Amino acid sequence: MKQGLVIKNTGSWYTVRTAEGENIDSKVKGNFRLKGIRSTNPVAVGDVVDIDVNSEGTAFITNIHDRRNYIIRKASNLSKQSHIIAANIDRAFLVVTVNYPRTLTTFIDRFLASAEAYRVPVVLLFNKTDLLTEEDEEYQKMMINLYETIGYECIEVSAETGLGVDKVSEMLGDRISLFSGNSGVGKSSLINILIPGAEQRTAEISDAHNTGIHTTTYSEMLQVPSGGWVIDTPGIKGFGTFDIEPEEVCSYFKEIFEFSKKCRFSNCTHTHEPGCAVLEALENHYIAPSRYLSYLSMMEDKDENKYREGHSM
């Protein structure tokens, strides 16, 4: 029996890196499933596992060690299952673009709320700054101001010019960092600069719809020269939140939660109640309308098809 770290998941096989530095192709044993989590992938990249190596040099995964945290979303096949993006993460970098393609605030807020729910710190990377028009730049400034005011670190980067890359690089040492974002935001190009020799596949944006084309097809951990790991994940189009009850949603929006403490009713939903401090703060511009709309959209997630829309600004 050996212990190792899951560094790659291709769907049916997992690559497990042992303490001795061996990479062993492993499969999940029979009907092995995680207790309590109905997931499309019982084992995730970042998991620490026990493996039973056989005579052919491959192995069965027999046990998953407890996770510190994970990022999870609703599986995209509309089943009532989840998809665990990665586990045991020190920090998530969400790569966003205000254009080419435009990352919607609903998507950003859903990702941030899910990360709050599972205690994963997030930094927002605003990529493709070299392509922005004056109007785009104004919008990006506004976005950065919004998220920094709430308490999220924002870094302007460009995989093309190298802007901000050193700053991100300094944050990677001795940590496990997740890189996530919509398809086409330049995540793989950034990783190729941060980890020379990573050779992650990149693709042109589909001009017809200014949308991204999936190039990363599976999650993978890449070793950073300065120590630490980067988890590259396939681009995601929507972010359906999973397993978050409506009454919990408020606590994952930092600024809404702060105001909610002053509401007249302890079970206030912040939608219509008298004496609601959140609605008052919204009216007085202390809460951004885009954030409040994201909050409402997550409250409505119980309607199974709702999250698929996640595309309105």
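Student: How many salt bridges does a search of the whole structure find?
Tutor: Keep in mind that this is a predicted model. Side chains of opposite charge can pair when their charged atoms come close. Over the whole structure, the search gives a total of 10 salt bridges.

Student: Which residue does Asp-47 meet in a salt bridge?
Tutor: Asp-47 sits in the loop between strands E3 and E4. Its partner is in the loop between strands E5 and E6, so the pair ties together parts 20 residues apart in sequence. With 2.7 Å from N to O, the partner is Arg-67.

Student: How far apart are the closest N and O atoms of Glu-116 and Lys-254?
Tutor: Glu-116 has a relative accessible area of 25%, so it is partly exposed. Lys-254, at 29%, is partly exposed as well. Their closest N and O atoms are separated by 3.7 Å.

Student: Is Asp-232 buried or exposed?
Tutor: Asp-232 lies in strand E13 and pairs with Lys-187 of helix H4, 45 residues away. The N to O distance in this salt bridge is 2.9 Å. Lys-187 has 5% relative accessible area, so it is buried. The cut-off for buried is under 20%, and Asp-232 has 0% relative accessibility, so it counts as buried.

Student: Which residues are linked with Lys-2 in a network of salt bridges?
Tutor: Here the salt bridges form a network. Lys-2 is linked in it with Glu-20 and Glu-22.

Student: How many of the 13 residues of H1 are buried?
Tutor: Helix H1 runs over residues 105–117. Its ends are 18 Å apart, from first C-alpha to last, close to the 18 Å expected. Among its buried residues are Phe-107, Ile-108, Phe-111 and Leu-112. H1 is mostly covered, and its buried count is 12.

Student: Is Asn-267 buried or exposed?
Tutor: Asn-267 is in the loop between helices H6 and H7. Its C-alpha is 7.8 Å from that of Glu-247, 20 residues away along the chain. The cut-off for exposed is over 50%. Asn-267 has 62% relative accessibility, so it counts as exposed.

Terms used:
Residues numbered from 1 in each chain as written. Predicted model: local features only at pLDDT ≥ 70, side-chain atom pairs only at ≥ 80, totals over all residues. Heavy atoms only, no water. Helix = DSSP H or I, 4+ residues; strand = E, 2+ residues; numbered from the N terminus. Buried < 20%, exposed > 50% of the residue type's maximum accessible area, 1.4 Å probe, protein only. Expected span 1.5 Å × (residues − 1). Salt bridge = Lys/Arg side-chain N within 4 Å of Asp/Glu carboxyl O.
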